[in-house]
Amino acid sequence: MTLLHRTFPSALISLLMAATLSACGGSDPVPAAEPSFAAVSVTLAHVNDHHSQLEAFANTELVLGGVATQVDLGGFPRVTTAFQRYANRSDVIKLHAGDAITGSLYYTLFKGEADAAMMNSVCFDAFALGNHEFDDGDAGLKKFLDFLRSGSCQTPVLAANVKPQAGTPLASGYLQPYTLKTVNGVKIAVIGIDIKGKTTNSSRPLNTTVFEDEATAAQRTIDELKAQGIRHIVLLTHQGYEADKALAAQLTDVDAIVGGDSHSLLGDFTALGLSSSGEYPTRVTNKDGKLVCVVQAWEYSKALGELNLNFNTQGEVDSCTGQASLLVGSSFKRKDDKGTFVAVDDATRLQIIQSLASVPTVRVVEPETVATLTLAGFSSQVTAKKAETIGTATEALCLVRVPGESTNRSAGTAGCETANTLARGSDAAQVVAEAFLAGSLAADVAIQNAGGVRIPVPAGTLSMNTAFTLLPFTNVLVELPMTGQQIVNVLEDAVANHLDNEGSSGSHPYAAALRWDLDMSKAKGSRFSNVQVRNRATGVWSAIEPARTYTVATNDFIASGKDGYTTFGTVYATGNYVNNYLLYTQTFVDYVLAQGNISRPAAANYAHQKVTTVGGTVLP
């Protein structure tokens with residue numbers, strides 16, 4: 001530099017130095033260009049939580065054109081038809097977000113074979129495991145997956161956070177963390193995530209099967225895919241709508257979450273007389289601050305979701321649109337002058353069909369022929385069992401998990417229009433608890449978890465099908481001696497499981513001969529007050545005595561500590577209980593047979609007497 005100053009003018013030196021620095025890239029390196037991707041649009045067509053509900057729900061009441069109308073809602077052959085509309089499209093990925101099995105006699109009798117056959121009529125591009133896939137253990141799940149593999153579809157089964165131990169039933173290539181789907185030359189990754197706590201606590205996986213934290217497994221898998229140059233990433237989860245929104249905020253590089261588990265109806269269905277849990281799609285942001293589109297499609301083969309994603313050249317979601325649509329048949333019933341639902345005439349039927357063509361929340365769909373024939377191969381055995389009448393419900397028994405919850409699980413059942421807003425909660429779970437008490441000669445009280453009761457019961461004839469759909473699991477009745485204080489602790493455990501521990505809302509308790517006031521705005525240990533027991537002999541209610549020993553009848557599932565019932569589990573682990581070896585479904589059947597007609601209990605006999613929500617609202 002000294003020589004240059006001696007030989008050349010300073011201005012020229014400056015020019016030479018600038019040229020040299022420019023040639024070397026300068027003192028401030030130019031940032032590397034962002035990788036460029038082809039802009040692409042992708043449609044995710046999805047269902048979740050069909051729970052072995054393969055037949056349509058007949059006479060479901062919706063409001064169509066402002067008029068109360070009964071329809072045939074759902075049924076898997078309609079799901080098959082709805083998916084067929086995508087047959088000639090290369091931009092569609094067909095997804096099932098878990099809980100395919102358990103919930104009807106189709107599972108009770110066929111252990112997943114019927115469900116697999118119907119799923120293979122769609123040929124899903126991916127299926128994520130749900131917690132109920134483990135209800136019959138790893139071996140039971142393997143049996144179902146073997147049925148699923150027996151068809152030509154070979155649907156990938158996804159669970160990035162489920163790790164079976166070597167030598168156990170699921171260890172030999174049954175599960176994979178993700179699958180890749182190419183849409184117009186662009187690779188789209190679909191990652192499966194199952195809910196950890198709920199599956200381990202509320203189902204029956206092997207103790208050796210590891211369930212990893214959902215966010216940890218998701219981010220690890222996303223990072224692996226990014227290292228492969230894959231930028232378009234969808235999570236196919238089974239953990240619930242609220243958990244999906246929370247998960248999105250914890251992750252980088254996720255674009256969409258297609259979920260299940262909470263049976264959430266998303267979108268605006270007010271014109272149909274239905275409430276929902278949020279928008280479809282629900283737009284949130286990930287850890288990068290980028291758009292994530294979250295969706296879910298209700299339950300029980302009733303609806304199909306369609307999420308349309310538009311990706312830009314940076315591989316990010318520019319926009320998302322879509323709709324969950326109810327799948328209904330083309331026959332309709334409306335009330336006549338006497339107030340009785342009767343089939344509408346042909347002109348009215350055509351008018352309804354034409355009017356629904358402009359309603360995105362409803363699709364008029366006929367059952368697919370081959371799927372219908374496939375289902376018929378199973379239905380004859382089911383029909384014979386279903387046909388057995390056991391009694392009558394004089395009024396609807398509505399289904400609720402937590403009083404005050406946002407989605408009405410009894411939507412479409414006459415007499416249950418506001419069931420989710422009332423303090424009493426679930427009529428169905430209450431009656432099941434009463435059946436437990438009647439089925440136990442020794443019990444002082446009976447307790448049942450909300451999630452073990454699966455459907456609302458319309459007024460009318462009760463059949464074996466009603467019983468096995470209402471109570472589809474293989475639980476048996478057990479009796480445990482417990483102090484009054486332990487019983488209160490059980491109740492606190494059950495509510496804390498879903499309010500504090502991110503567990504299933506199915507843990508929420510219902511009881512017979514036991515009632516309380518519940519304030520969910522308070523902390524664990526102070527939520528239950530005014531807990532009372534009804535004397536079995538006299539019918540008189542009195543305050544529970546903390547030191548007194550009572551006999552509690554319940555199902556062996558929560559008795560063993562599952563679903564967050566920790567205090568139950570502590571007593572059960574000592575072996576100090578009596579197993580009646582009576583299937584809990586049969587207990588309900590026996591109760592109905594003995595009663596002949598069943599109805600909602602008297603108001604004073606409901607477990608929930610006064611309920612305050614988390615937000616401080618006192619329910620009516």
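In which loop does Pro281 lie? The views below come from a predicted model, in which local features need pLDDT of at least 70 and side-chain atom pairs count only at pLDDT 80 or more, while totals for chains, interfaces and linings use all residues. Residues are numbered from 1 along each chain as its sequence is written, and side-chain values use heavy atoms, with hydrogens and water left out.

**View A. The cis peptide bond between Tyr280 and Pro281.** Pro281 lies in the loop between β12 (256–258) and β13 (282–285), strands being DSSP runs of E with at least two residues and helices runs of H or I with at least four, numbered from the N terminus. The bond that joins Tyr280 to Pro281 has an omega of about -10°. Most peptide bonds are trans.

**View B. Thr102, a residue with positive phi in a loop.** The loop that holds Thr102 runs between β4 (92–96) and α4 (105–110), and the phi of this threonine is near 65°. Thr102 is buried, with a relative accessible area of 3%, where buried means under 20%, exposed over 50% and partly exposed in between (1.4 Å probe, protein chains only).

**View C. Asn184, a residue with positive phi between two strands.** Asn184, whose phi is about 50°, is placed in the loop between β8 (178–183) and β9 (186–194). Asn184 counts as exposed, at 54% relative accessibility.

**View D. Thr199 in helix α7.** Helix α7 spans residues 196–202 and includes Thr199, which is buried at 0% relative accessibility. Leaving aside residues up to four places away in sequence, Thr199 is in contact (heavy atoms within 4.5 Å) with Asn131, Phe134, Asp194, Arg204, Pro205 and Phe211.
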